[in-house]
Amino acid sequence: MRPFQYNRARSLADASGIISDKGALAIAGGTNLLDLMKLQVEIPEQLADINHLGMAEIADTEDGGLRIGALATNTAAAVHPRVRSDYPVLARAILAGATQQLRNKATTGGNLCQRTRCFYFTNVDQPCNKREPGSGCGAIDGIAKLHAVLGTSDQCIATYPGDMAVAMSALGAVVHIAHEDGEERTVPVADFHCLPGDTPWRENVLEPGEIITAVSLPAKVAGTQIYRKVRERSSYAFALVSIAAIVEIKNGLFSRADLAFGGLAHKPWHDPRIADVLIGQVPSEKLFDEAADILLSGAQGFGENDFKIPLTRRTLHAVLAQAVEQAA
Amino acid sequence: MTQSISVNGAQHPIPNDPRVTLLDFLRHDAGLTGTKKGCDHGQCGACTVIVNGIRINSCLTLAAMHDGDSVTTIEGIGTTDNPSALQRAFMEHDGFQCGYCTPGQICSATAMFEELANNWPSDASGQLEGKIEITGEEIRERMSGNLCRCGAYANIVAAIQAVATEKGS
Ligand SMILES: Cc1cc2nc3c(=O)[nH]c(=O)nc-3n(C[C@H](O)[C@H](O)[C@H](O)COP(=O)(O)OP(=O)(O)OC[C@H]3O[C@@H](n4cnc5c(N)ncnc54)[C@H](O)[C@@H]3O)c2cc1C
Ligand code: SF4
Ligand code: FES
Ligand code: FES
């Protein structure tokens, strides 16, 4: 690791002041940042340790939802009684990620901001527009098995690798962000991550000095909740494709279909046209195909990851069929 | 005031260089080499220790972030003369070959029993709520963060299962 100055932040304003400097970063669990610092992919001159700012609380909100503090660990969120009973898709998504040791340390804010697992990004000897703007993208003509098929650009085809945010996106959760001047703003999780475009180094909407303070979930809605993660082995691997779904069927017709997809893009993917296709219709294989056609109409593979397109179609079928079965 | 970490009940001062990971602190500063460095990137679990009752990978956290914390390492779990139930079971069931992953496996499994006692679900649990039955599948999923290069997995699971049965009866 390169030398850096370690600061234990005493307040949110203190932390925000430190990280508004270029070359300074917040550290929460450290499970992503320290990994990247050892590889010299991240070389901060200063760290603001935000672990003592009391943002670990998980509490009911007035509108019947739940507010998960940015420093609540992935474990604390997954085992919280209300997450287990009212937001099982979120508990399942978190439990499908990493390992117990990592989830015990990883935080809600850090998980949202975790960086891509693109092999060229993490290897400083390789070209990567995200790590070193203008150096090229090694993955486009290279090893791209984990890479995106939706929303890519000619600059970057990386994916957002996480699971938790996919479920939060389907649930309509909102990120609470504190600004250096003490103001708070909120951004839906579905809009928190960016597409690579011409600025692949920018992964989310956080501005310098901004800190995530919490994520809030809206009140529980009716329907079946499913998180299905397809990976190369049955435990401890990042998603090739994942789907978070909150689906309700009333009188034999779809009445709710909130879906988000992981492993396909630079952000948890959400396509409102899928609900438009499904809602009000009788479930059938043909209908599921129509939904998949719409989702995948703009999909483009890069050789090694071509398989993700048919895999997503099959996974979508499986999830919708499971929702129908569970509703019966 | 010097900052310190309690390791197996003894206080050790935190080194000045903030780059020192908890793992390097335990091995070099506290002189406790039972905790192993496998990958140094959170992938293998050889560095698993128990901090304030919770198992974590000590390679992916800084010593400076643990002022005032209590760490239990393999040296604090049992001794040659007085091994813990898990340590005995690993010997009885041949739960290792070279032994490099073993301290991490045993720290991990020790904390896993606490998680099970609290009925924390895992990816392998059929239900998210209620009492969890300690099946082989549950053990394998919960121990998936501890790799064994020698592939002693079958006997590791058998050793843990034996302790689970002991605790249950
Ligand atoms: C071997 C391995 C396997 C993994 N498998 C999975 C998996 O299958 N699924 C999955 O989803 N994840 C997986 N992960 C990733 C893991 O979930 C993340 O490392 C973790 O969630 C990051 O959280 P943290 O608190 O440790 O973040 P840190 O490492 O502390 O921070 C990560 C980034 O977020 C920023 N940050 C942290 N908190 C805040 C805040 N409050 N406000 C603003 N910025 C902030 C930091 O500055 C840093 O840039 C895996 C990790 C490893 C090492
Ligand atoms: S896909 Fe993105 S992260 Fe990977 S090498 Fe290309 S620019 Fe870098
Ligand atoms: S040395 Fe820490 S996980 Fe491998
Ligand atoms: S016993 Fe050799 S690595 Fe597990």
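Helices (H or I, at least four residues) and strands (E, at least two) are DSSP runs numbered from the N terminus. I note that this is a predicted model, in which local features need pLDDT of at least 70 and side-chain atom pairs count only at pLDDT 80 or more, while totals for chains, interfaces and linings use all residues. Residues are numbered from 1 along each chain as its sequence is written, chains are lettered from A and ligands numbered from 1 in the order in which they are written, and side-chain values use heavy atoms, with hydrogens and water left out.

I then looked up the volume of the second largest pocket, which is about 500 Å³, and saw that 23 residues line it, the closest to its centre being Asn51(A), Thr73(A), Asn104(A), Lys105(A) and Asn52(B). A pocket here is an open set of points on a 1 Å grid over the protein atoms alone where a 1.4 Å probe fits, with protein on both sides within 12 Å along at least five of seven lines, and lining residues have an atom within 4 Å of a point. The volume is the space filled by probe spheres set on the points, which are joined across faces, edges and corners. I sorted the lining into 10 nonpolar, nine polar and four charged residues, with Ala, Val, Leu, Ile, Met, Phe, Trp, Tyr, Cys and Pro as nonpolar, Asp, Glu, Lys and Arg as charged, and the others, Gly among them, as polar.

Next I turned to ligand 1, which lies between chains A and B and is surrounded by 34 residues, the closest being Ala26(A), Gly30(A), Thr31(A), Thr107(A) and Asp163(A); a residue counts if one of its heavy atoms lies within 4 Å. I found an oxygen atom of ligand 1 at 2.6 Å from a polar backbone atom of Ala26(A), and a polar side-chain atom of Lys229(A) at 3.1 Å from an oxygen atom of ligand 1. Helix 7 of chain A supplies the largest share of this shell, four residues.

Last, I checked ligand 2, where 15 residues form the surroundings and the closest are Cys118(A), Cys128(A), Cys137(A), Cys156(A) and Ile157(A). Its shell divides into 10 nonpolar, four polar and one charged.

Methods
A polar contact is a pair of N or O atoms within 3.5 Å; within protein, one must be able to donate a hydrogen and the other to accept it, and residues adjacent in sequence count only if both atoms are side-chain atoms.
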